[in-house]
Amino acid sequence: MHLEGQVAVITGGTRGIGFGIATAFAANGARVVLCGRSEDKGKQALAELGLGDRATFHVCDVRVPDQLDALIDDTVRDFGRVDVLVNNAGGSDGFAPVHQLADEAWQNALDWNINAVFRGTRRVLPHMLAAGYGRIINISSTEGKSGNKAAVSHYITNKHAINGFTKAVAFEYGPQGITCNAICPGAVETDIMREAGPLVAEAEGITYEQFLDIYRGHAKTKQLNTVEEVAAMALLVAGPHSAGINGALLNVDGGTAEW
């Protein structure tokens with residue numbers, strides 16, 4: 001129960017990787033605050049967690065700065081602290097090769113990924129500095145260590161940026177007891193993957209199953225990764241015992257990434 005009494009905010013926490021992390025944190029004693037764009041999905045997530053007042057949900061689109069600020073502010077108001085921030089929400093749309101990529105798709109990816117990670121981190125840092133303690137976990141991707149997929153340049157660019165931002169925050173705030181790490185999952189077939197994957201596959205001129213096979217083929221395990229595997233890594237770096245892990249880009253990818 002190494003997160004007993006701690007408060008963790010998880011963006012995009014109602015399903016997929018975010019919900020898996022919330023489940024693991026709760027099982028180890030944390031109070032969890034989830035956010036997402038759908039109130040219905042938020043209610044469903046709380047019901048599945050079954051934690052009573054140890055879990056709350058806030059409607060929040062991380063692309064909207066005021067909503068993201070309110071998520072952090074309301075958590076501090078309700079619980080008095082934020083010990084762990086998981087910047088999990090992210091994604092992209094409008095998949096196309098660079099010469100056909102729309103401005104709207106590019107800007108949406110920036111707001112959904114690196115801008116949201118920056119704004120959430122900026123908002124929570126004063127509270128962590130006051131406490132002399134904090135754990136910031138950014139959900140990146142193995143795409144942040146490579147550039148070998150077509151039609152997703154905006155996603156690749158943002159994940160590279162998140163990795164760089166992670167190291168910058170780790171350098172600036174490590175001396176104050178605050179760590180910042182990024183988890184770089186390989187392909188995980190979440191609901192979001194099932195929604196976005198066929199669109200990416202279509203842009204590449206392949207089927208969705210062929211798209212998944214490419215990811216399986218890149219992994220040394222020849223398998224997709226699981227939500228539970230990513231959640232286990234998040235749990236590792238979330239607690240007080242993890243002070244020695246800072247500025248790390250942690251792969252959960254079956255051996256896909258070269259570094």
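## Asn-88 and its surroundings

Asn-88 touches Ile-10, Thr-11, Gly-12, Ile-17, Gly-18 and Ile-139, leaving out residues up to four places away in sequence. Contact here means heavy atoms within 4.5 Å. This is a predicted model: local features need pLDDT of at least 70, side-chain atom pairs count only at pLDDT 80 or more, and totals for chains, interfaces and linings use all residues. Residues are numbered from 1 along each chain as its sequence is written, and side-chain values use heavy atoms, with hydrogens and water left out.

Asn-88 sits in the loop between strand 4 and helix 4 (103–112). Helices (H or I, at least four residues) and strands (E, at least two) are DSSP runs, numbered from the N terminus. Asn-88 counts as buried, at 13% relative accessibility. Buried means under 20% relative accessible area, exposed over 50%, and partly exposed in between (1.4 Å probe, protein chains only). A polar atom of the Asn-88 side chain lies 2.9 Å from the backbone oxygen of Gly-12.

## Asp-83

Asp-83 is in the loop between helix 3 (65–79) and strand 4 (84–87). Its relative accessibility is 6%, so Asp-83 counts as buried. A polar atom of its side chain is 2.8 Å from the backbone nitrogen of Val-7.

Neighbours within four places in sequence aside, Asp-83 is in contact with Gly-5, Gln-6, Val-7, Met-128, Tyr-133, Gly-134 and Arg-135.

## Gln-100 and Ala-151

Gln-100 also belongs to the loop between strand 4 and helix 4. At 53% relative accessibility, Gln-100 counts as exposed. Ala-151 is found in the loop between strand 5 (134–139) and helix 6. Ala-151 is buried, with a relative accessible area of 9%.

## Positive phi values

Most residues other than glycine have a negative phi. Ala-151 has a positive phi, near 70°. Lys-222 has a positive phi as well, near 60°. Lys-222 lies in the loop between helix 8 and helix 9 (227–238).

## The largest pocket

The largest pocket has a volume of about 1,100 Å³. On a 1 Å grid over the protein atoms alone, a pocket is an open set of points where a 1.4 Å probe fits, with protein on both sides within 12 Å along at least five of seven lines. Lining residues have an atom within 4 Å of a point. Grid points are joined across faces, edges and corners, and the volume is the space filled by probe spheres set on them.

The lining holds 46 residues, and Gly-90, Gly-91, Thr-190, Ile-192 and Met-193 lie nearest the centre. Helix 1 (16–27), strand 2 (31–36), helix 6 (153–173), helix 7 (191–204) and helix 8 (208–218) each supply at least two lining residues. Helix 7 gives the largest share, 8 residues. By type, the lining divides into 20 nonpolar, 16 polar and 10 charged residues. Ala, Val, Leu, Ile, Met, Phe, Trp, Tyr, Cys and Pro count as nonpolar, Asp, Glu, Lys and Arg as charged, and the others, Gly among them, as polar.

## Cysteines

A search of the whole structure finds 0 disulfides. Cys-180 is in none, and the nearest cysteine sulfur, in Cys-184, is 12 Å away. That distance is too far for a bond, because a disulfide is a pair of cysteine sulfur atoms within 2.5 Å. Cys-180 counts as buried, at 0% relative accessibility. Cys-184 counts as buried at 0% too.

Note on methods. A polar contact is a pair of N or O atoms within 3.5 Å; within protein, one must be able to donate a hydrogen and the other to accept it, and residues adjacent in sequence count only if both atoms are side-chain atoms.
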